[in-house]
Amino acid sequence: LMPVHNVNWNKARKFCKAIGGDLPTEAQWEFAARTGKNEGSLWRLRTGDQAFQYAVFRADGPQRVASAKPNAWDLYDVSGNMAEWTRDSYSWFSFYVEDEDPTGSFFGDSRVFKGGSWKSKTEDELDLTDQDDEDPRYWANTLGFRCVFPSKAQGKPEP
């Protein structure tokens, strides 16, 4: 199974909403990709692991989904293979008002994407904390998406 790619932000978000979800915010994407840890690269969390074990990069094109190891939460391809759209807007002038799950800039027409791709040349380009941005009408064979869905819990659990 190949990853979805060549989809612009508008179509990716429309698809996610049609199936009951949405694109993740940048904060949601990064929290899940980093499994709640502060490290920016999956392979630096484990002694002796190499980037190629967790990430598809320096490849000739998109590779099959799950052709590298998943992160600790069993999410595949968060580093490399496809960069992924997030819901957030991007602006060089950005500040966060929300304490939890910030949603990006109030300004700017570009949209944030994360994760690096098969076309990334170095493992530094795969750092999970890095972001890039593009016009929401842009599409490429290096850019895809994944959807997030609301929690089934209706309220917060009691402490």
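## A tour around strand β2

Begin by selecting Arg-111 and Trp-9, where Arg-111 lies over the face of Trp-9, at 4.0 Å from the ring centre; a charge sits over a ring if NZ of Lys or CZ of Arg is within 6 Å of the ring centre and within 35 degrees of the ring normal. The model is predicted, with local features needing pLDDT of at least 70 and side-chain atom pairs counting only at pLDDT 80 or more, while totals for chains, interfaces and linings use all residues. Residues are numbered from 1 along each chain as its sequence is written, and side-chain values use heavy atoms, with hydrogens and water left out.

**The strand**

Next, select residues 110–114, which make up strand β2; strands (E, at least two residues) and helices (H or I, at least four) are DSSP runs, numbered from the N terminus. Five of the five residues of β2 are buried, where buried means under 20% relative accessible area, exposed over 50%, and partly exposed in between (1.4 Å probe, protein chains only). Ser-110, Val-112 and Lys-114 are on one side of β2, with Arg-111 and Phe-113 on the other, and both faces are covered.

**The sheet**

If you look for individual partners, Glu-84 has Lys-114 as its bridge partner in β2, Trp-85 has Phe-113, and Phe-113 stands opposite Asp-132 in β3. Seen as a whole, four strands form an open sheet of mixed pairing, in the order β3-β2-β1-β4. Its edge strands are β3 and β4 (143–144), each of which pairs on one side only.

Select residues 9–18 to find helix α1, which lies across β1 and β2 and runs at about 95° to β1. Helix α2 (residues 26–33) packs on the sheet as well, touching β1 and β2, and its direction makes about 140° with that of β1. Contact means heavy atoms within 4.5 Å, and the angles, from 0 to 180 degrees, are taken between the N-to-C directions of axes fitted to C-alpha atoms, for helices over the stretch in contact.

**Aromatic pairs**

Rings of Phe, Tyr and Trp (its six-membered ring) pair if their centres lie within 6.5 Å, with planes under 30 degrees apart counted as stacked, over 60 as edge-to-face and the rest as tilted. There are three aromatic pairs by this rule. One of them joins Phe-15 and Phe-145 edge-to-face, at 5.9 Å centre to centre and with 65° between the planes. Phe-15 is in helix α1 and Phe-145 in the segment after β4, 130 residues apart. Trp-85 and Phe-113 also form an edge-to-face pair, at 5.9 Å and 80°, and both residues are buried.

**Salt bridges**

Finish with the charged side chains, where a salt bridge is a side-chain nitrogen of Lys or Arg within 4 Å of a carboxyl oxygen of Asp or Glu. Select Glu-84 and Arg-146, whose closest N and O atoms are 2.8 Å apart in a salt bridge. Because Glu-84 lies in strand β1 and Arg-146 in the segment after β4, the pair ties together parts that are 62 residues apart in sequence. Glu-84 is buried, at 5% relative accessibility, whereas Arg-146 is partly exposed, at 24%.

Notes: Pairing = 2+ DSSP bridges.
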